[in-house]
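The following note sets out, in numbered points, remarks on the model shown below. It is meant to be read with the coordinates open.

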Amino acid sequence: MSPFLQVDNLTRHYQGVKAVDGISFAIERGRCFGLLGPNGAGKTTTVEMLEGINEPTSGTILYQGRPLGRRFRDEAGIMFQTTALQDYITVHETLKMFQQMYPRTIPLPDLIESCSLGEFLDRDTRKLSGGQRQRLLLAIALVNDPEVIFLDEPTTGLDPQARRNFWELVQRIKQQGKSIVLTTHYMEEAYRLCDDIIIMDHGQIIAQGTPDALLAKHFAEVVLQLPAADFPASCPELEMQVSGDLVEILSSDLNHTIRRLIELKVSLAGLRIRQHTLEDLFLALTGRELRT
Amino acid sequence: MSFRRFLAIMQARNKEFWRDRAALAWNFIFPIMVIGGFAVAFSGDGPDLYKVGITDAEEHQKLHFETIRYIQFIPVSDLSDAIVKVERHQLDMLISPSTRQFWINKSSPAGYLLERLLNGSDEGFRREAVEGEGIRYVDWLISGILAMNLMFSALFGVGFVIVRYRKNGMLKRIKATPVTAFEFITAQVASRLWLLLSVSALVFLCTDLVLDFRMYGSYLDLLIVFALGAICLISLGLLIAARLASEELAGGLLNAISWPMMFLSGVWFSLEGVNPWLVKLAQILPLTHVIDGARAIMIDGAGLMEIMPNLMALVAMTAVFLIIAARTFRWE
């Protein structure tokens with residue numbers, strides 16, 4: 001059986017600039033697939049080619065084994081990074097307009113309920129807050145009960161509370177077995193939502209896998225932190241370094257290290273374990289901070 | 001073509017138009033103000049000049065009458081046309097020196113005065129009275145103003161709005177749905193056509209209540225001319241908007257098209273007597289054909305057959321505009 005979405009050797013040039021430079025990957029049904037990378041990495045160009053909005057310079061995209069076409073249009077739900085809505089019509093009228101464009105739709109009351117639009121249903125779309133607007137745009141993307149949903153940097157510009165609410169909505173969509181393609185430059189967002197990710201830079205894929213596998217592959221160790229005061233003068237076999245009043249121990253086998261610390265009668269009351277994050281990974285891969 | 005999707009887009013656009021109070025008010029108030037202003041400004045008899053049509057102007061001995069100052073003598077070639085002009089007060093008098101006849105309108109004070117002047121200077125003229133109410137400047141102007149409003153609303157309401165939709169991403173959002181370019185464009189055209197005609201009808205009715213326009217033709221024919229004109233001008237707007245993404249450039253282009261049309265298509269004044277080259281140029285402007293057709297119906301009582309050249313020109317231009325617009329249209 002062919003993959004849900006299959007991308008082969010995809011390229012997009014803009015006036016000599018290779019925005020996307022020969023990338024290939026596959027997206028499986030029912031998974032949340034993340035495209036990560038800094039601004040200008042080629043995420044949006046890639047996702048717009050997947051959405052059928054942007055024509056590839058070369059390469060192929062197959063949706064359930066076939067080129068993007070009529071069926072894909074009916075079955076895809078799309079939320080762009082920026083979308084203007086028609087002025088002077090209300091949230092409810094906007095939903096109705098989009099609902100009439102699709103052959104198969106979910107009932108509006110369900111959609112309103114699931115995206116929490118109830119309290120501002122009759123408001124002019126120009127008068128929505130950032131979070132309300134994103135929820136409406138998500139609802140528009142869901143109006144045709146899509147098989148696959150594209151979210152292009154959906155929480156950029158939202159405050160932390162609105163971002164967290166939005167993540168909950170996406171989690172609920174995932175639970176319904178929908179496939180999701182998400183671009184983001186927030187690593188926490190990718191880590192919470194995505195099952196598989198690719199990291200892009202300069203139009204190319206520089207890493208791909210599940211978030212945990214990627215972290216495990218690039219960072220063999222976790223970091224254990226203990227207050228220096230609780231620590232004996234010498235402990236053989238442990239790779240450690242003192243930073244201020246903390247001692248940091250790098251461990252590739254957490255069980256072993258902790259057993260060893262107990263044997264040494266070190267108090268674990270002040271123990272903290274820090275995971276490497278995707279931010280660390282991006283820095284390690286490119287030598288650059290993500291959001292520059 | 002899905003009628004349901006077409007309707008969805010059209011209804012949303014209609015709502016946007018009716019709820020945008022400022023633009024809506026402008027669409028009504030502007031033409032009413034212009035018509036009202038001109039009705040007041042030209043309510044007098046205008047310049048102190050009597051207009052007398054004269055047949056065989058060169059081939060007769062000069063009459064004493066012709067030496068009187070402040071009378072403009074206008075040579076006429078077609079007697080029956082000229083008589084109609086007397087009926088409509090466009091000529092105050094018509095004289096035919098060869099047959100010793102003159103025509104005046106019974107209800108025209110200028111005609112009465114000119115009759116006395118003629119009888120005082122030359123002898124033996126026979127009086128032929130005609131009847132008919134005058135054609136005022138506003139009667140002539142109304143077609144022009146309605147057509148001009150149609151033009152601005154069609155060009156800017158379709159052209160400008162589509163460029164704005166393209167720039168702010170609205171078109172991209174529609175492109176991501178099953179809606180086709182054809183459905184989207186026809187919905188825009190239908191929405192604008194419907195409101196252009198309702199606005200024009202309302203403006204006509206409101207000003208007619210006060211000014212009581214002369215209408216010698218059929219209202220249905222008038223509606224047909226305006227509908228064809230609206231479709232043609234909307235198509236021109238679509239052509240401009242087919243792929244522009246800059247509102248400034250679109251605005252400039254729309255102005256560059258609409259202003260010459262406003263002056264060369266005879267909205268405000270007749271092009272009779274200006275450079276023939278300009279008259280020919282005016283023939284390629286759609287607005288010219290709308291105004292000529294509408295005036296012929298209202299003032300001359302023409303039927304559709306008589307204005308067929310205007311109608312055919314509008315249909316042909318519409319076809320050309322639409323074909324080019326459809327071929328060059330870009331969502332982004």
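1. Helix α8 (residues 211–218) and helix α10 (residues 278–286) of chain A pack with their axes 10 Å apart and at an angle of about 50°. The two helices α8(A) and α10(A) are therefore oblique to each other; angles under 35 degrees count as roughly parallel, over 145 as roughly antiparallel, 65 to 115 as roughly perpendicular, and the rest as oblique. Axes are lines fitted to C-alpha atoms, for helices over the stretch in contact, and angles run from 0 to 180 degrees between N-to-C directions. The crossing of α8(A) and α10(A) is left-handed, that is, the near helix is turned anticlockwise from the far one by less than a right angle (clockwise would be right-handed). Helices (H or I, at least four residues) and strands (E, at least two) are DSSP runs, numbered from the N terminus.

2. From α8(A), P211(A), L214(A), L215(A) and H218(A) meet L278(A), L281(A) and A284(A) of α10(A), where contact requires C-beta atoms, placed from the backbone, within 7 Å. By class, this contact of α8(A) with α10(A) has six nonpolar residues, one polar and no charged. Ala, Val, Leu, Ile, Met, Phe, Trp, Tyr, Cys and Pro count as nonpolar, Asp, Glu, Lys and Arg as charged, and the others, Gly among them, as polar.

3. The model is predicted: local features need pLDDT of at least 70 and side-chain atom pairs count only at pLDDT 80 or more, while totals for chains, interfaces and linings use all residues. Residues are numbered from 1 along each chain as its sequence is written, and chains are lettered from A and ligands numbered from 1 in the order in which they are written.

4. The domain assignment, which is automatic or taken from a database, divides chain A into domain 1 (5–216) and domain 2 (220–275). Taken over C-alpha atoms, the centres of these two domains of chain A are separated by 42 Å.

5. Within helix α6 (residues 160–175) of chain A lies I173(A). I173(A) counts as buried because it has 23 C-beta neighbours inside 10 Å; the class requires 20 or more other C-beta atoms within 10 Å, with 12 or fewer for exposed and partly exposed in between, C-beta atoms being placed from the backbone. Leaving aside residues up to four places away in sequence, I173(A) touches I149(A), K178(A) and I180(A). I173(A) and C32(A) are 141 residues apart in sequence, yet their C-alpha atoms are 10.0 Å apart in space.

6. Which residues deserve a check of their backbone phi? Most residues other than glycine have a negative phi. Q64(A), not a glycine, has a positive phi of about 50° and is found in the loop between β4 (58–63) and β5 (66–67) of chain A. With 16 C-beta neighbours inside 10 Å, Q64(A) counts as partly exposed. In chain B, D212(B) also has a positive phi, near 50°, in the loop between α7 (181–211) and α8 (219–241). D212(B) counts as exposed, with 12 C-beta neighbours inside 10 Å.

7. Chain B comprises 12 helices and five strands, and its C-alpha atoms fill a box of roughly 85 × 40 × 35 Å along the principal axes. Of the 332 residues in chain B, 41% are buried.

8. The contact between the chains takes 19 residues from chain A and 18 residues from chain B. On the side of chain A, α2 (70–75) and α3 (91–99) each supply at least two residues, and α3(A) gives the largest share, three residues. That side of chain A divides into 10 nonpolar, four polar and five charged residues.

Note on methods. Contact = placed C-beta atoms within 7 Å.
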